[in-house]
Amino acid sequence: MGMTDVLIVGAGPTGLVLASDLARQGAAVRIVDRSPVPPRTSRAKGPNARSLEILDDLGVAEAVLAAGSAPLPMLKYRDRLPVAETDPWADSAPTPDAPYDRGRLIAQWRLEEILRDRLAGYGVRVELGREVTGRAEGPGARHVDVTFAEGRTERARYVVGCDGAHSSVRKLLGIGFEGATAEDQVMVCGDVDLADGALARTRWHQWFDEDGAVMLCPIPGTRTGWWFQAGPERDGRGRPLAPTADGFRRLLARHTALPGRALTGAELLSTYRVNVRMADRFRAGRVFLAGDAAHVHAVAGGLGMNTGIQDAFNLGWKLGLVLAGHAGAELLDTYEEERLTVAARTLDLTSERLRATLEAIRRPGGGLDAAITSDTTGLGVGYRWSSLARGHAEVPQAGDGSPDAPDAEVRTARDGERPAPQPGDRAPDAPCADAVTGARTRLHRVFAGPGTTVLGFGPGSAAALREVAAAYGDAGVRTCRVYAAHEDLGESGPGAAVVDDEGHAAAAYGTKASDGTRTGTGTGTVVVVRPDHHLGLSAPADDTRSVRAYLQQLHGGTRSAEGVAERFSGIGGRHR
């Protein structure tokens with residue numbers, strides 16, 4: 001029986017992001033889906049800002065931006081008349097450390113199409129019409145045997161269930177999915193066509209009345225297509241009726257100034273109930289859960305698909321390093337450690353945003369903008385409590401992404417301008433110039449592609465970067481020297497080099513006083529950035545013990561790291 005490295009069950013955005021990340025790392029990956037054809041669903045309205053950074057890393061952000069549209073202002077109505085207009089992003093703008101300040105509207109099926117095309121570029125195609133019905137993993141086993149409905153059994157080193165809220169993989173593992181479904185919080189949904197010109201496609205139209213609601217948002221890439229969401233029709237006993245095209249027409253006529261006949265077609269009809277659940281565990285042996293298979297959230301804030309994409313980006317690099325022999329299997333323990341805590345916090349956040357939205361729409365002018373806060377961008381999610389955050393906090397700190405983070409003062413940058421990122425936080429982006437060609441680039445471009453990145457700020461970091469390259473250059477670790485605008489570039493060392501010509505990188509990482517120019521020490525700073533753009537460590541460049549210990553934690557299982565202690569102990573001496 002042949003064996004694949006990773007079998008992914010479920011080909012939605014979570015599974016496709018994970019498959020693409022693993023395939024580009026050279027892993028033998030297969031992805032299956034029970035649907036006989038690619039699902040055409042528009043449920044999720046698009047990636048948030050953090051997911052756009054991930055899609056950028058995977059090389060598909062440009063295609064997503066081209067196929068989608070910017071979030072739209074919301075026009076709110078009461079008794080069929082417009083009463084308020086709100087643009088939730090009016091006060092938001094890209095910044096040097098976060099070039100994506102908002103998400104993108106795009107139909108889920110179109111996003112999946114873009115990701116399938118990217119995956120096909122690695123020679124991997126979704127195997128459709130394949131339903132998992134059994135699994136077996138003996139004690140101490142080095143693989144998982146997966147049985148399919150057609151009777152075939154196939155073997156994989158690891159299996160990841162990305163197969164949605166009704167996950168077959170989760171059920172086969174016997175993992176609980178605790179939570180609640182709010183039977184009284186119901187919405188009917190579908191993709192509809194409206195008569196050409198019936199509504200301005202530059203707004204997300206929202207009618208909230210005391211006896212119901214209708215919401216219509218234009219679907220990018222279509223001329224007459226709209227997302228339709230509404231409170232359901234109900235029978236004489238108050239029970240919600242199943243969605244139908246005629247029912248949608250009646251709802252349209254009841255709540256809007258449009259006649260029912262303006263709705264010319266409806267498909268992908270569904271009923272949504274608020275469902276808030278989380279798996280007891282995200283891992284059982286060699287099997288993992290990600291996305292809706294691991295957690296489902298209230299729809300408010302649009303975090304369901306986005307949390308799944310971010311699960312995949314967290315797990316992908318860890319599986320890749322272990323499969324390549326560049327890290328020990330214990331690295332995989334950190335997936336549940338980090339993502340289960342984030343999922344719990346997201347459940348709380350989305351439930352609170354739903355409560356705020358339901359309260360807002362009782363008043364004329366209230367709308368879905370009540371669900372949108374800075375938290376819903378995903379840019380603030382981090383892992384300060386993680387064992388992969390060097391010097392991680394025993395007690396979670398404010399803003400660290402934990403479900404019960406108390407108010408706490410975070411360390412500020414040495415120049416006092418802004419909070420400096422802590423180990424576990426998202427690594428800031430920054431515009432800079434390639435030190436060799438002068439071409440404009442960004443730090444996230446330096447981070448792009450699988451691999452740990454070690455940044456060196458200040459002249460004193462050069463020796464540390466040389467030692468990192470010598471010890472770990474063959475283990476998926478790259479180095480990048482970040483020069484200040486006034487620094488002499490000198491002879492180039494190993495790895496990449498950029499010029500922080502506008503000072504944004506030093507400001508973002510809080511290293512302005514550590515580059516030796518103000519203090520006269522010449523020490524510099526070394527920053528280790530994980531493959532998923534999170535800080536692992538920030539240390540003075542002469543603190544080689546911390547740098548060595550952290551890289552051994554991530555990459556200590558690799559043969560190329562043997563003798564690393566000896567190499568590091570000779571900083572400034574034997575260099576490649």
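Two strands pair if DSSP finds at least two bridges between them. The legends below describe close-up views of a predicted model.

**View 1. Strand β1 and its parallel neighbours.** Strand β1 covers residues 3–9, and six of its seven residues are buried, so β1 is largely enclosed by the rest of the structure. Four bridges connect β1 with strand β2 (residues 29–33), and the two strands run parallel. Within this pairing, Val6 has Val29 of β2 as its bridge partner. β1 also pairs with strand β8 (residues 153–161), again in the parallel sense, over six bridges. Here Thr4 is placed opposite Ala156 of β8.

**View 2. Helices α2 and α7.** Two packed helices are described by the angle between their axes and the distance between the axes. For helix α2 (residues 49–57) and helix α7 (residues 304–323), the axes come within 9 Å and cross at roughly 45°. This angle makes α2 oblique to α7. The crossing of α2 past α7 is left-handed. On the α2 side the contact involves Arg50, Ser51, Ile54 and Asp57, which meet Asn306, Ile309, Gln310 and Phe313 of α7. Sorted by type, the residues of this contact are three nonpolar, three polar and two charged.

**View 3. A sheet of seven strands.** The strands of this open sheet follow the order β18-β17-β21-β20-β19-β22-β23, with mixed pairing. At the edges are β18 (440–442) and β23 (535–540), each of which pairs on one side only. From one strand to the next, the twist averages 30°.

**View 4. The pairing of β22 with β23.** Strand β22 (residues 525–529) is joined to β23 by five bridges in the antiparallel sense. One of the facing pairs consists of Thr525 and, in β23, Pro540.

**View 5. Two helices lying across the sheet.** Helix α10 (residues 462–472) lies across β19 (452–457), β20 (477–484) and β22. The direction of α10 is at about 165° to β20. Helix α12 (residues 544–555) lies across β19, β20, β22 and β23. The angle between α12 and β23 is about 160°.

**View 6. The chain as a setting for the close-ups.** The chain contains 13 helices and 23 strands. It has 576 residues, of which 55% count as buried. Among contacts in the chain with a separation of 6 or more, 68% are between residues 24 or more positions apart.

Key:
Residues are numbered from 1 along each chain as its sequence is written. This is a predicted model: local features need pLDDT of at least 70, side-chain atom pairs count only at pLDDT 80 or more; totals for chains, interfaces and linings use all residues. Side-chain values use heavy atoms; hydrogens and water are left out. Axes are lines fitted to C-alpha atoms, for helices over the stretch in contact, and angles run from 0 to 180 degrees between N-to-C directions. Contact means heavy atoms within 4.5 Å. Angles under 35 degrees count as roughly parallel, over 145 as roughly antiparallel, 65 to 115 as roughly perpendicular and the rest as oblique. A crossing is left-handed if the near helix is turned anticlockwise from the far one by less than a right angle, and right-handed if clockwise. Ala, Val, Leu, Ile, Met, Phe, Trp, Tyr, Cys and Pro count as nonpolar, Asp, Glu, Lys and Arg as charged, and the others, Gly among them, as polar. Buried means under 20% relative accessible area, exposed over 50%, partly exposed in between (1.4 Å probe, protein chains only).
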